[in-house]
Amino acid sequence: MLSKKNLQLNENGDLHHLLAIEGLPKRIIERILDTAESFVGINEREVKVVPLLRGKSIFNIFFENSTRTRTTFEIAAKRLSADVVSLDVARSSTNKGETILDTIANLTAMHADMFVVRHAESGAPYLIAQHAAPHVHVVNAGDGRHEHPTQGLLDVFTIRKYKKDFTRLTVAIVGDVLHSRVARSQIHALTTLGVPEVRVIGPRTLLPADLERLGVRVFTSLEEGLKGVDVVTMLRLQNERMTGALLPSASEYFSRYGLTPQKLALAKPDCIVLHPGPMNRGVEIDSAVADGKQSVILPQVTYGIAVRMAVMAILSGSTR
Amino acid sequence: MTTDNLHLPDAEALFNDLKAQMAPAIAYDAKLIGVYSGGAWLADRLAAELDGEHEVGYIDVSFYRDDLSTSGLKSNVRSTQIPFSVQGAHIVIVDDVLFTGRSIRAAVNTLFDYGRPASVQLAVLVDRGGRELPIAANYVGAPLIVSRDLMLALSKDDAGKFALTTEPWMQR
């Protein structure tokens with residue numbers, strides 16, 4: 001684990017790759033959030049571009065499909081004036097038998113400066129970072145069930161926007177934690193930033209066995225777990241990752257774990273609702289909540305661009 | 001760090017000289033844009049003390065610099081705030097120290113991403129020479145010769161009083 005942790009930082013302790021929130025020092029997370037704050041303003045201008053990464057080549061390599069995440073990274077790179085190329089590797093050379101490292105070596109030979117990688121296997125971005133040329137930066141855009149660090153960062157950025165002080169918050173994460181790299185990244189970000197109580201709520205079959213080790217309180221009752229919380233993150237029910245009979249049915253799931261206005265009323269009156277998207281309306285979240293006053297789901301999307309710009313800008317300024 | 005700052009001119013006196021040059025010369029409604037952080041303090045004071053109606057904005061040039069690959073991104077980037085329309089406005093960019101001209105180049109580029117001003121002028125407290133770009137200030141508190149290996153910057157105490165200080169260049 002130590003080598004994984006060091007892999008993200010250069011000799012000066014600056015961020016060189018972003019692979020996971022686990023092991024990131026608080027000062028680095030705070031620096032990303034503070035820098036993102038300045039990029040929020042850029043995104044609200046008529047000219048939404050700064051010349052910071054002019055001449056840099058960023059390759060989005062998605063071994064697993066995700067139109068939305070890929071698009072947000074593309075927008076972020078373009079607003080920094082980088083040249084960005086998105087490869088849908090899921091449908092190209094790897095199908096012809098090329099290994100990940102050969103794909104990376106080929107793209108490096110095209111003078112890539114940064115790889116944004118999504119892969120269905122946990123740890124794939126680490127493999128790439130270990131073999132990358134010293135000047136190349138790697139961003140994990142989601143690896144298997146492991147982490148999705150930029151999502152975790154945009155979640156805490158959104159929470160900070162609405163709640164300011166992390167050290168007084170109770171935050172609940174609800175749903176399919178077992179398959180969720182989003183939950184993992186968010187838990188690490190919240191605990192590193194000093195949130196005193198992180199709750200995880202879900203059916204036992206969708207909760208990993210070793211959850212308490214991460215410093216969270218586990219609830220199997222949504223009603224119990226929501227009492228008095230300041231923030232609730234609803235996770236997407238990941239039907240495509242389900243194998244075996246983990247759940248009786250979507251409607252059964254909604255009746256026990258779906259967030260309705262009645263259940264949200266158990267939380268604090270100013271509780272905000274997050275969702276990483278895409279939403280399954282009527283499965284994990286009721287439309288009245290998703291579109292309601294307490295929902296910050298669309299601001300999450302907006303802030304996600306600024307957070308990804310901050311990550312790319314900070315990484316590009318690091319040398320090794 | 002014990003750099004000898006005794007021989008540096010009094011920043012308050014320079015400020016008054018700068019203000020006296022600007023007072024008869026700038027437009028009544030010229031907008032002042034301070035470059036963080038020293039230039040922002042100067043712009044605030046100038047707007048308060050000059051006659052006329054001078055709106056104030058602030059620029060952080062970090063996202064427009066040309067040295068990301070060598071110096072990295074500065075750790076405390078501030079948000080650029082220009083709360084008025086730049087289009088057609090008379091603008092005075094205000095900075096504490098004019099040196100290579102690279103920050104001013106970045107500030108002008110930042111400004112133009114907000115609109116097309118009618119005119120842009122530059123006011124600096126100190127011009128220390130050493131230009132690497134064809135940039136000159138319209139208003140200068142004073143020229144000053146400082147060793148290249150020292151960073152010259154403006155500081156402000158709790159009472160709002162300005163002072164010039166030097167220190168060795170630091171890695172960001």
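At what angle do helix H2 (residues 26-43) and helix H6 (residues 149-163) of chain A pack, and how far apart are their axes? The two pack at an angle of about 65°, with axes 10 Å apart. This is a predicted model, in which local features need pLDDT of at least 70 and side-chain atom pairs count only at pLDDT 80 or more, while totals for chains, interfaces and linings use all residues. Residues are numbered from 1 along each chain as its sequence is written, and chains are lettered from A and ligands numbered from 1 in the order in which they are written.

**Chain A overall**

- Chain A has 12 helices and nine strands; helices (H or I, at least four residues) and strands (E, at least two) are DSSP runs, numbered from the N terminus.
- The radius of gyration of chain A is 19 Å, close to the 20 Å that the globule rule gives for 320 residues, so chain A is as compact as a globular protein of that length.
- The radius of gyration is taken over C-alpha atoms, and the globule rule is 2.2 Å times the number of residues to the power 0.38.
- The C-alpha trace of chain A spans about 55 × 45 × 40 Å along its principal axes.
- Of the 320 residues in chain A, 48% are buried (20 or more other C-beta atoms within 10 Å of the residue's own; exposed means 12 or fewer, partly exposed in between; C-beta atoms are placed from the backbone).
- Among the contacts in chain A with a separation of 6 or more, 76% join residues 24 or more positions apart; a contact means that the C-beta atoms of two residues, placed from the backbone, lie within 7 Å.

**Chain B overall**

- Four helices and seven strands make up the secondary structure elements counted in chain B, and along the sequence they follow the pattern α-β-α-β-α-β-α-β-β-β-β.
- A compact globule of 172 residues would have a radius of gyration near 16 Å, and the 15 Å of chain B agrees with this.
- The C-alpha atoms of chain B fill a box of roughly 45 × 40 × 30 Å, taken along the principal axes.
- In chain B, 38% of the 172 residues count as buried.
- Residues 24 or more positions apart account for 68% of the chain B contacts with a separation of 6 or more.

**Helix packing in chain A**

- Axes are lines fitted to C-alpha atoms, for helices over the stretch in contact, and angles run from 0 to 180 degrees between N-to-C directions.
- The angle of about 65° between H2(A) and H6(A) makes them roughly perpendicular (65 to 115 degrees; under 35 is roughly parallel, over 145 roughly antiparallel and the rest oblique).
- H2(A) passes H6(A) in a right-handed crossing; a crossing is right-handed if the near helix is turned clockwise from the far one by less than a right angle, and left-handed if anticlockwise.
- A:Ile32, A:Leu33 and A:Ala36 of H2(A) meet A:Leu153, A:Val156, A:Phe157 and A:Arg160 of H6(A).
- The residues of this contact divide into six nonpolar, no polar and one charged (Ala, Val, Leu, Ile, Met, Phe, Trp, Tyr, Cys and Pro count as nonpolar, Asp, Glu, Lys and Arg as charged, and the others, Gly among them, as polar).
- The axes of H6(A) and H12(A) come within 9 Å and cross at roughly 120°, which makes the pair oblique.
- The crossing of H6(A) and H12(A) is also right-handed, and its contact residues include A:Leu153 and A:Phe157 of H6(A) and A:Tyr303 and A:Val307 of H12(A).
- By class, the contact of H6(A) with H12(A) has seven nonpolar, four polar and three charged residues.
- Helix H4 (residues 100-109) and helix H5 (residues 124-131) of chain A have axes that come within 10 Å and cross at roughly 50°, an oblique arrangement.
- H4(A) passes H5(A) in a right-handed crossing, where A:Ile100, A:Leu101 and A:Ile104 meet A:Ala124, A:Leu127, A:Ile128 and A:His131.

**Interface between the chains**

- In the interface, 17 residues of chain A are in contact with 13 residues of chain B.
- H2 and helix H12 (297-316) of chain A each supply at least two residues of the chain A side, and H2(A) gives the largest share, six residues.
- The side of chain A that touches chain B has seven nonpolar, six polar and four charged residues.

**A:Thr167**

- A:Thr167 lies in the loop between H6 and strand E5 (170-174) of chain A, and counts as exposed because it has 8 C-beta neighbours inside 10 Å.
- Leaving aside neighbours within four places in sequence, A:Thr167 is in contact with A:Gly194 and A:Pro196.
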